[in-house]
Amino acid sequence: MSIPEPPQGTQAPHGLEILPESGADFAGVQETVIERRPSSAPRLAAFAALAAALAVAALAVAWVRSGGDEPDAAIAATTTTTEPPATTTTAGPTRPPRTTLPPPTALDGPIGDLPPARPAAELVATLAGDPTGNVRGLLFQLDLVSGAAQYVPLPRLPHTLFELDGEIVVGIGRDVLRVDTATGDLVVIAEDVTEMLPAHSPPGIVAVVRGSEHLFARVVGPDGVFRSAVQMPNAAVVHGALGDHVVVSMAGSVMALDGRNQALQLGPGRVLAVGDGHVVRLQCEEYGCQITDTSFSASVGPDRRDDWCDDICAEASGRFGERDDQAEMEENCSTLCEDYPIVTGAITERRVELPAELLAASPDRWSEQGLMSPDGNRIALRLLHGDGAPAGVVVVDLEQQWGRHSPEIGVDLGDMAWAPDSRFLLYTLDNDVMVWDVEAAEGELPSGRAHIGEPLEQIILRGS
């Protein structure tokens, strides 16, 4: 089979390139022209010119009517009506009132207080246990509605913490484990893993194993069932996955690989965040930098990939390790692979001008990778001062195109997590957790403090 040609009379999507390797089959991928949203800069410039012309006219009329005696008053009257350019303002859209929750009826453990404006969600965090005892790590759970808290013991302190479709998944050593928070039981869903990252659309895990020359990244679900895998040179950086497409960057280029030796070339730049259906990257050119958000959906297609599945499952079977259900896992791999052909469609792209909060810092002082909100419309980026000291966090709204700086500036805000409603951003500060309403209207307190009293190392939020 060959790569399908685009329909007659259409051009290949600008910014999207299909890169075949070794004549592999990519017939299951449907190309869609990228829809670019025009930049608002030309219109803003026209509006600014029109406003300036009207201001001059008003100045002349006011001066004539005043008999030429009070030009300064006329100037003051006209200049106060001129709108500043949209690229320099941080004002967001009209924000609805915040939902305030009632005071908790039960505050146990070290919890002292919770702010009234907070999400109706459960906070899960990692907490170091007694290094001299049998318990080397804990999961800390806090219901932000009731204030009830509990601890779940773990054999060691996790270095990675995920929430995947309601399931809690941790990385301990080179294992990826699902945690039953009610019983504390652990289920291994991937072994011998060097790196682990979240997969989206649908939720899953990207388990990366690095060798001396190549890396092998496989996508599995929270149940451990295999979905896809890719092999890349060891110089590649893995950022996550959408569907069965693993998002990687190498040599200044960002790609989405589907495991069939094919790639969607998303474009140059640096990946800022990967979320549900979105890959956000920073793209800098001669005239400046901008944020580019590429979105594509994944749906099950009619084709079957028997030959490809035989090859990839043969390679993946040895990655499951020595386990009692080895044969079952290999059978699940082939069955799911054949019934899970992902077809790419509805590829769109939007470009976002940098808000003033980011323009003040060069891109090399932004965090390597930010945190995308669950709705895919906001990213939280850490900033550094010129000397490398923490400078706070900036949230960028990709849809409304505004930026907002965190209430705390110049301090290390610790680990961050978005609430399920994408309105609240929580982050650790000292031994507590700050609750930041990024949509707080003028006159409202933008943040409050949840008094935890514990040195939480990683946090996530899930619907309560």
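These are legends for close-up views of a predicted model.

**View 1. The largest pocket and what lines it.**
Start with the largest pocket, whose volume comes to about 1300 Å³. Its lining takes in 40 residues, and the ones nearest the centre are Phe-162, Pro-198, His-200, Leu-371 and Ile-460. By type, the lining splits into 21 nonpolar, 13 polar and six charged residues.

Which strand gives the most to the lining of the largest pocket? That's strand 30, with six residues. Strand 30 covers 458-463, and it belongs to a set of strands that each supply at least two lining residues. Also in that set are strand 6 (160-164), strand 10 (195-200) and strand 18 (270-275). Strand 22 (371-372) and strand 26 (416-418) complete the list.

**View 2. Strand 15 with strand 14 alongside.**
Strand 15 spans residues 245-250 and is mostly covered, with five of its six residues buried. Strand 14 (residues 237-242) runs antiparallel to strand 15, and five bridges join the two. Look for Val-238, which sits opposite Val-248 of strand 15. The two strands make a hairpin with two residues between them, where Gly-243 has a positive phi near 60°.

**View 3. Strand 15 with strand 16 alongside.**
Now follow strand 15 into strand 16 (residues 253-257): the pair is antiparallel and joined by five bridges. Val-248 turns up again here, and its bridge partner in strand 16 is Met-255.

The model has 13 salt bridges in total. In this one, Arg-462 pairs with Glu-122, and the closest N and O atoms are 2.6 Å apart. Are the two partners buried or exposed? Both Arg-462 and Glu-122 are buried.

Glu-167 is in strand 7 (residues 167-172) and Arg-178 is in strand 8 (residues 175-179), so the pair ties together parts 11 residues apart in sequence. Glu-167 counts as partly exposed, its relative accessible area being 32%. Arg-178 is partly exposed as well, at 21%.

The side chains of Glu-439 and Arg-423 meet in a salt bridge, 3.6 Å from N to O. Why does this pair tie together parts that are 16 residues apart in sequence? Because Glu-439 lies in the loop between strand 28 (432-437) and strand 29 (447-450), while Arg-423 lies in the loop between strand 26 and strand 27 (424-429). Glu-439 is buried, with a relative accessible area of 14%, and Arg-423 is buried at 10%. Widen the view and you'll find both in a network of salt bridges that also links Arg-378, Asp-397 and Asp-437.

Terms used
Residues numbered from 1 in each chain as written. Predicted model: local features only at pLDDT ≥ 70, side-chain atom pairs only at ≥ 80, totals over all residues. Heavy atoms only, no water. 1 Å grid on protein atoms, 1.4 Å probe; cavity = no way out; pocket = protein on both sides within 12 Å on 5 of 7 lines; lining within 4 Å. Points joined across faces, edges and corners; volume = space filled by probe spheres on them. Helix = DSSP H or I, 4+ residues; strand = E, 2+ residues; numbered from the N terminus. Nonpolar A, V, L, I, M, F, W, Y, C, P; charged D, E, K, R; others polar. Buried < 20%, exposed > 50% of the residue type's maximum accessible area, 1.4 Å probe, protein only. Pairing = 2+ DSSP bridges. Salt bridge = Lys/Arg side-chain N within 4 Å of Asp/Glu carboxyl O.
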